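Thanks for coming. Please have the sequence and the model open while I talk.

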Amino acid sequence: MSAKHPIIAVTGSSGAGTSTSTNAFRSMFHQLGYTAAVVEGDSFHRYTRPEMDVAIRKAREQGRHISYFGPEANDFGLLENFFQGYGQDGNGQYRRYLHSFDEAVPFNQMPGTFTPWQNLPSNTDLLFYEGLHGGVVTEDHNVARHVDFLIGVVPIVNLEWIQKLIRDTSERGHSREAVTDSIVRSMDDYINFITPQFSRTHINFQRVPTVDTSNPFSAKVIPSLDESMLVIRFRGIKQVDFPYLLSMIDGSFISRMNTIVVPGGKMGFAMELILRPLIQQLLETGKIT
């Protein structure tokens with residue numbers, strides 16, 4: 001952690017809705033006048049898409065599973081060193097993983113490849129990370145200890161699968177069978193490396209649909225925000241003004257001493273009410289209280 005060069009991380013699995021929260025954060029940074037270095041967690045994958053396909057086939061031949069959730073397909077050491085380095089001097093290098101043709105064409109590359117490494121912009125106020133492993137801890141690496149403000153974005157698992165199935169088939173060109181296979185193959189790593197992070201977060205935003213998602217593999221549409229509730233859990237934050245939040249967010253209620261539930265359609269408004277003062281506090285004092 002660093003008071004001079006703070007790190008904010010939004011962690012959540014692919015298709016969880018982290019991109020929506022990233023847009024909200026970028027808007028808040030702009031409104032508050034802060035310049036953020038923005039880094040995507042995909043930058044720290046070990047393999048290009050063709051290399052990952054080969055690794056998956058080899059793992060199957062050996063009776064193992066490999067997924068983008070686990071350490072075999074991601075360089076946790078590189079991510080930890082990157083966070084540590086930024087916290088020390090505000091510098092570092094990043095790259096992008098190009099998922100689709102729309103992302104790859106401007107770089108004259110193929111989808112599933114990485115852009116070259118390049119230096120972060122200079123003189124940034126903070127580092128903003130969005131990806132799978134902002135709060136990961138293993139026997140060898142502790143990424144979470146370098147993060148000053150850790151936020152989890154995690155829908156219930158059936159909704160997460162619906163989002164992943166529809167996004168990966170419609171936007172990334174994968175077949176439904178391939179996406180389903182990816183979900184099954186990833187389960188061990190999801191349990192061991194993704195879900196534990198949500199016990200380390202300062203705040204979790206968990207989206208819960210109010211429509212039937214019993215069979216996510218047959219779903220044709222993603223439940224809308226208005227068809228959801230948002231469960232917001234706080235950990236280790238003392239200055240949470242629940243009466244103020246209840247008065248400002250119509251339809252909200254307290255479900256536990258550290259949890260408020262709000263209508264899904266008010267997700268953006270709720271995030272700004274809750275996160276904006278905490279971001280200001282972090283940048284002004286160097287810590288979240």
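I will go through a strand, a helix, some charged pairs and a few loop residues.

First, the ground rules. This is a predicted model, in which local features need pLDDT of at least 70 and side-chain atom pairs count only at pLDDT 80 or more, while totals for chains, interfaces and linings use all residues. Residues are numbered from 1 along each chain as its sequence is written, and side-chain values use heavy atoms, with hydrogens and water left out.

Let me start with strand S1, residues 7-11. Helices (H or I, at least four residues) and strands (E, at least two) are DSSP runs, numbered from the N terminus. Is S1 mostly covered or mostly open? Five of its five residues are buried, so the strand is mostly covered. Buried here means under 20% relative accessible area, exposed means over 50%, and partly exposed is in between, with a 1.4 Å probe and protein chains only. In a regular strand the side chains alternate between the two faces of the sheet. In S1, Ile7, Ala9 and Thr11 point one way, and Ile8 and Val10 point the other way.

Which strands pair with S1? Two strands count as paired if DSSP finds at least two bridges between them. S1 runs parallel to strand S7, residues 126-131, and five bridges join them. Isoleucine 8 has phenylalanine 128 of S7 as its bridge partner. With strand S8, residues 149-153, S1 also pairs in the parallel sense, over four bridges. There, alanine 9 is partnered by leucine 150.

Next, helix H5, residues 157-170. The expected span of a helix is 1.5 Å times one less than its number of residues. For the 14 residues of H5 that gives 20 Å, and the end C-alpha atoms are 20 Å apart, which agrees. Of those 14 residues, 11 are buried, so H5 is largely enclosed by the rest of the structure. Among the buried ones are Trp161, Ile162, Leu165 and Ile166. What do the buried residues of H5 pack against? They pack against helix H6 (176-185), helix H7 (187-194) and strand S9 (203-209). Contact means heavy atoms within 4.5 Å.

H5 also holds a charged pair. Aspartate 168 and lysine 164 meet in a salt bridge, at 2.8 Å from N to O. A salt bridge is a side-chain nitrogen of Lys or Arg within 4 Å of a carboxyl oxygen of Asp or Glu. The two residues are four apart in H5, which means about one helical turn separates them. Both aspartate 168 and lysine 164 are buried.

How many salt bridges are there by this rule? The count comes to eight. Another one joins aspartate 181 and arginine 60, at 2.4 Å from N to O. Aspartate 181 lies in helix H6 and arginine 60 in helix H2, so this pair ties together parts that are 121 residues apart in sequence. Aspartate 181 is partly exposed, at 32% relative accessible area, and arginine 60 is partly exposed at 45%. Arg60, Asp181 and Arg185 are linked in a network of salt bridges.

One more pair is aspartate 75 with arginine 46, at 4.0 Å from N to O. Aspartate 75 sits in the loop between H2 and helix H3 (76-89), and arginine 46 in the loop between S2 and H2, 29 residues apart. Aspartate 75 is partly exposed, with a relative accessible area of 25%. Arginine 46 counts as partly exposed too, at 41%.

Now the loop residues. Aspartate 42 is in the loop between strand S2 (36-40) and helix H2 (49-61). Is aspartate 42 buried or exposed? At 17% relative accessibility, aspartate 42 counts as buried. Not counting residues up to four places away in sequence, aspartate 42 touches Tyr97, His99 and Phe114.

Glutamate 171 is in the loop between H5 and H6. Its relative accessibility is 56%, so glutamate 171 counts as exposed. Leaving aside neighbours within four places in sequence, glutamate 171 is in contact with Ser100 and Ile166.

Last, valine 105, in the loop between helix H4 (101-104) and strand S5 (113-114). Valine 105 is exposed, at 57% relative accessible area.

That is the end of the tour.
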